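Hi,

Here is the structure I promised to pass on. My notes on it are below; have a look at the model before you read them.

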Amino acid sequence: MNQDQDQDQDQDQGQDKKVPLIELFGPTIQGEGELAGQVSYFIRTGGCDYRCFWCDSMFAVDQDEVHRNAEWLTPNEILQKFRDHTKTAPIHGWVTISGGNPAIWNLTDLVGGLRIDDLKVAVETQGSIAAGWLDLVNLITCSPKGPSSGMVDKLDLNVLYEYYGRWRRKLIFKIVIFTKKDLNFAESLHAKFPDIPLYLSAGTPLPASGRETKEEAQQKVLLSYRYLATEFLKRPRLHDARVLPQLHVLLWGHAKGV
Ligand code: SF4
């Protein structure tokens with residue numbers, strides 16, 4: 001069975017199906033998209049149906065790394081772990097479920113429990129799967145991948161139209177920009193969904209050697225942001241979008257769990 005079949009099957013499984021939990025942390029500052037600058041907790045699941053060239057979360061994508069790093073828990077067990085993590089202090093802000101692509105899993109019980117706890121739940125996904133439990137979340141950050149990712153051929157507009165039809169009142173698009181072709185992609189998507197808020201996020205190149213100081217990462221964030229801002233300003237059709245650097249990298253480099 002290949003990974004896609006495996007993931008399709010996972011979607012169909014009941015809530016006792018275990019999910020690879022990669023990390024659970026917070027409070028921290030959300031670094032991208034509509035909640036940038038706001039307090040959020042993070043729950044990161046493993047596994048993804050994409051393999052973007054510049055993915056900065058391969059520890060949550062690569063199958064070997066997922067199997068090495070993950071704690072396999074049911075959605076209810078993840079909920080309990082979150083409650084344990086936050087039991088000493090009242091929670092303010094959001095809970096963001098990220099990945100990988102969390103939409104490959106059935107997280108109904110996790111999200112339902114967080115909502116019962118009166119928490120606001122955001123999810124980050126590239127928009128390849130219209131998982132039913134997205135009905136329950138407060139905000140969907142959908143991040144279709146442009147040409148620089150190497151995954152643009154996997155884009156299924158029918159799924160994005162389904163997102164639009166079902167969830168447009170709580171849907172935003174966030175597109176990571178490395179190149180002018182990515183900006184062309186963003187323009188084209190924005191023309192198809194003009195009423196969906198669009199956030200452009202300056203992509204930060206990963207270090208070729210795998211090692212980098214925080215200061216080097218911060219310098220790259222600023223250079224990438226300057227490049228994006230300069231190119232963005234030449235494109236009036238995008239001027240109702242918001243343009244942001246990856247604030248979390250600016251703050252902490254590529255460190256995990258912050
Ligand atoms: S969709 Fe996101 S998590 Fe998956 S490979 Fe691409 S950047 Fe990484």
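The protein chain has 8 helices and 9 strands, where helices (H or I, at least four residues) and strands (E, at least two) are DSSP runs numbered from the N terminus. Bear in mind that this is a predicted model: local features need pLDDT of at least 70, side-chain atom pairs count only at pLDDT 80 or more, and totals for chains, interfaces and linings use all residues. Residues are numbered from 1 along each chain as its sequence is written, and side-chain values use heavy atoms, with hydrogens and water left out.

Overall picture first. With 258 residues, a compact globule would have a radius of gyration near 18 Å, and the protein chain agrees at 18 Å; that radius is taken over C-alpha atoms, and the globule rule is 2.2 Å times the number of residues to the power 0.38. Along the principal axes, the C-alpha atoms fill a box of roughly 50 × 40 × 40 Å. Buried residues make up 50% of the 258 (buried is under 20% relative accessible area, exposed over 50%, partly exposed in between, with a 1.4 Å probe and protein chains only).

Next, helix H7 (residues 214–232). The buried residues of H7 are Ala217, Gln218, Val221, Ser224, Leu228, Glu231 and Phe232. They cover an arc of only 160° around the axis, so they sit on the same side of H7 (the arc is that of the directions from the helix axis to the C-beta atoms). On the other side, Glu215 and Arg226 are exposed. The cover over the buried residues of H7 includes strand S7 (171–177), H6, S8, strand S9 (242–244) and helix H8 (247–252), with contact meaning heavy atoms within 4.5 Å.

Pro197 lies in the loop between helix H6 (180–192) and strand S8 (198–202). At 34% relative accessibility, Pro197 counts as partly exposed. Leaving out residues up to four places away in sequence, Pro197 touches Leu171, Ile172 and Phe173.

Finally, the ligand. Around it are Cys48, Tyr50, Arg51, Cys52, Cys55, Val61, Gly100, Gln126 and Lys145, each with a heavy atom within 4 Å of it.

Cheers
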